[in-house]
Amino acid sequence: MKKLSELFRHLDEVTATNERKSLLANYFSSIPSEDLGWSVYVLSDKRVEAGITSRKLRELFLEKSDLQPWLFEESYHHVGDTAETVTLLVPAPGTVEPPLELYKFITEQVLPLKKKTPTEISDFFWSKWNTWDRSSIFLLNKIVTGALRIGVSFKTIVNVLADLYSLPESHVYAKLSGNWAPDINLKDFLHQMDSETLDFFPFCLAAPLEVPLEDLGEIKDWQIEWKYDGIRAQIKKTGPEVVIWTRGEEIVSEQFPELIRKFETYPSNFVLDGEIVVYKDGVLPFNQLQKRLGRKKISSQILSEFPTEFLAYDALTLGEGDLRQRPLRERRILLEKFCSDSGTLISNELFPADWKAVEDLRKVSRENIAEGLMIKNKNSTYREGRHRNFWFKYKVDPLTIDAVLVYAQSGSGRRSNLFTDYTFAVKKGEEYVTFAKAYSGLDDIEIEELDRWIRRHTEEKFGPVRSVKLEQVFEIGFEGIMESQRHKSGFAVRFPRILRWRKDKLVKDIDTVDNLAGLLKSYELS
């Protein structure tokens with residue numbers, strides 16, 4: 001625990017990647033084996049399941065603090081992080097350093113909090129807040145809320161461990177991407193590198209296409225598919241067990257019982273990569289799939305109204321064979337045979353004559369309930385993450401609306417002192433009604449310029465939110481649109497983002513709810 005606190009402090013003092021790697025390597029090499037698993041677990045921003053959320057931490061602090069809630073909120077919106085805010089507001093931290101063994105502290109003191117009474121939990125935190133030094137308090141608060149955010153990526157941690165133990169980086173990535181228990185001997189776990197020990201493989205990801213199509217070379221070397229908008233997932237069958245694992249590192253098997261039943265009947269083991277979609281005589285839009293998500297119980301009515309299918313587009317293992325190092329053209333042949341034998345749906349492979357035909361296909365993506373195209377090198381192996389010249393996503397142009405900025409809120413992390421979260425509205429008669437929030441699309445110079453404008457043109461404050469003078473017009477892009485009773489406009493949009501700051505337009509030029517309705521109609525017809 002003490003060494004982790006020191007690591008956290010040192011990492012905050014350096015910015016160079018190699019220096020951070022060196023600090024991590026020295027730390028991993030110096031701690032006992034029992035601490036290694038827990039250290040990698042919390043450094044990867046995984047939550048220690050103690051039942052303590054950021055909101056709970058805030059409540060525990062305010063219960064015994066003399067601080068008024070409004071002042072805590074103002075402090076939070078300046079700092080941007082609950083754990084750090086509590087750390088800074090603790091009235092009289094002590095000088096005691098934490099215990100040396102991280103694993104003992106977590107397993108003997110933190111994890112048992114789940115079964116403690118509210119009074120016992122409060123006493124636990126205040127005993128640490130009153131006696132520990134501030135850097136150790138910060139570490140404790142971050143560990144229990146699962147948001148360590150040390151400024152190094154998961155990939156960097158993987159790289160350091162791979163170098164430290166002379167293991168292939170791809171194998172370490174694979175081991176740590178699945179479900180694993182932090183109380184294991186992590187070094188031994190990482191050295192168990194046969195494919196049967198892997199829960200799931202890291203996903204091979206596509207990069208946005210940022211070069212002309214012609215620069216990719218001959219079209220015969222590329223596999224073209226529709227890019228459907230569903231849930232990226234792997235389905236793994238080992239013996240009688242079938243498990244569904246998403247790119248968001250969640251096991252969602254219970255949400256799709258019809259898929260489990262379907263694949264349980266197949267005699268061989270396999271791992272398939274693909275997309276979960278709602279399917280009725282064809283793929284349906286993502287908003288239909290949303291009605292299936294997050295449900296603890298899937299009723300027969302839901303199964304009937306929104307039936308799902310797994311659309312396979314790669315075979316990672318079939319039988320006992322790991323296929324990932326074989327070229328895509330070979331994996332595709334094996335996948336086609338598997339899907340034919342098992343009745344599994346397979347992604348459509350398109351065969352355009354030339355790159356102009358590819359562009360023509362992209363233009364009719366929405367008519368095929370797709371976001372665009374996937375363009376995959378037929379010689380590509382299946383690797384983790386994004387790699388140049390492997391897979392590209394060539395998405396359709398977004399739907400767009402001109403809207404006015406109505407509310408602003410400060411961001412988090414390094415941008416907690418800037419207004420970076422924006423709410424936009426369109427016109428409905430003489431009224432302005434909100435329809436979307438956006439957090440991205442402006443560069444740093446624009447963000448700072450808009451932040452200064454917001455501070456000078458604030459109309460009202462609602463806690464951390466400011467309403468602003470209706471003056472700034474923005475072009476908002478999004479991938480899909482649907483009706484929604486939760487939004488004043490009556491519509492909800494998918495993946496909204498700022499495309500342009502329209503300084504050339506006045507508020508009277510913005511779009512209306514009728515324009516949104518028109519987009520919805522054309523979107524549904526497509």
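The following dialogue explains how to read several features of this predicted model.

Me: How does the radius of gyration of the protein chain agree with that of a compact globule?

Reply: The radius is set beside the value for a compact globule with the stated number of residues. For 526 residues that value would be near 24 Å, and the protein chain has 26 Å, which agrees. Along the principal axes, the C-alpha atoms fill a box of roughly 70 × 65 × 50 Å.

Me: What share of the residues is buried, and what share of the contacts joins residues 24 or more positions apart?

Reply: The word buried applies to a residue with under 20% relative accessible area. Of the 526 residues in the protein chain, 50% are buried. As for contacts with a separation of 6 or more, 69% are between residues 24 or more positions apart.

Me: Where is Ser-380 placed, and is Ser-380 buried or exposed?

Reply: A position in a loop is read separately from accessibility. Ser-380 is in the loop between strand S11 (370–377) and strand S12 (385–386). Its relative accessible area is 1%, so Ser-380 is buried, the cut-off being under 20%.

Me: What does the side chain of Ser-380 reach, and which residues is Ser-380 in contact with beyond its sequence neighbours?

Reply: The side chain of Ser-380 comes to 2.6 Å from the backbone oxygen of Asn-377. With neighbours within four places in sequence left aside, the contacts of Ser-380 are Arg-326, Pro-327, Leu-328, Arg-331, Phe-390 and Trp-391.

Me: How is Lys-3 to be read, in terms of its helix and its relative accessibility?

Reply: Lys-3 belongs to helix H1 (residues 2–11). Because its relative accessibility is 38%, Lys-3 counts as partly exposed. Beyond residues up to four places away in sequence, Lys-3 touches Tyr-27, Ser-30 and Ile-31. A polar atom of the Lys-3 side chain lies 3.1 Å from the backbone oxygen of Ser-30. By C-alpha atoms, Lys-3 and Ser-304 are separated by 55 Å, and these two residues are 301 residues apart along the chain.

Me: Which other residues have a positive phi, and where are they found?

Reply: Here one reads the backbone angle together with the residue type. Ser-166 has a phi near 55 degrees, a positive value in a residue other than glycine. Ser-166 is found in the loop between helix H10 (154–164) and helix H11 (169–177), and at 67% relative accessibility it counts as exposed. Asp-281 also has a positive phi near 55 degrees. The loop of Asp-281 runs between strand S6 (270–278) and helix H14 (286–290). Asp-281 is exposed, because its relative accessible area is 84%.

Me: How far apart in sequence and in space are Leu-318 and Lys-237?

Reply: Leu-318 and Lys-237 are 81 residues apart in sequence, with their C-alpha atoms 9.7 Å apart in space. Leu-318 lies in strand S7 (residues 308–318) and is partly exposed at 22% relative accessibility. Residues touched by Leu-318 include Asn-269, Phe-270 and Leu-334.

Me: Is Ser-177 buried or exposed, and which residues is Ser-177 in contact with beyond its sequence neighbours?

Reply: Ser-177 is in helix H11 and counts as buried at 7% relative accessibility. Leaving aside neighbours within four places in sequence, Ser-177 is in contact with Phe-154, Pro-202, Trp-245 and Glu-249. Ser-177 and Phe-201 are 24 residues apart in sequence and 7.2 Å apart in space, C-alpha to C-alpha.

How values were computed. Residues are numbered from 1 along each chain as its sequence is written. This is a predicted model: local features need pLDDT of at least 70, side-chain atom pairs count only at pLDDT 80 or more; totals for chains, interfaces and linings use all residues. Side-chain values use heavy atoms; hydrogens and water are left out. The radius of gyration is taken over C-alpha atoms; the globule rule is 2.2 Å times the number of residues to the power 0.38. Buried means under 20% relative accessible area, exposed over 50%, partly exposed in between (1.4 Å probe, protein chains only). Contact means heavy atoms within 4.5 Å. Helices (H or I, at least four residues) and strands (E, at least two) are DSSP runs, numbered from the N terminus. A polar contact is a pair of N or O atoms within 3.5 Å; within protein, one must be able to donate a hydrogen and the other to accept it, and residues adjacent in sequence count only if both atoms are side-chain atoms.
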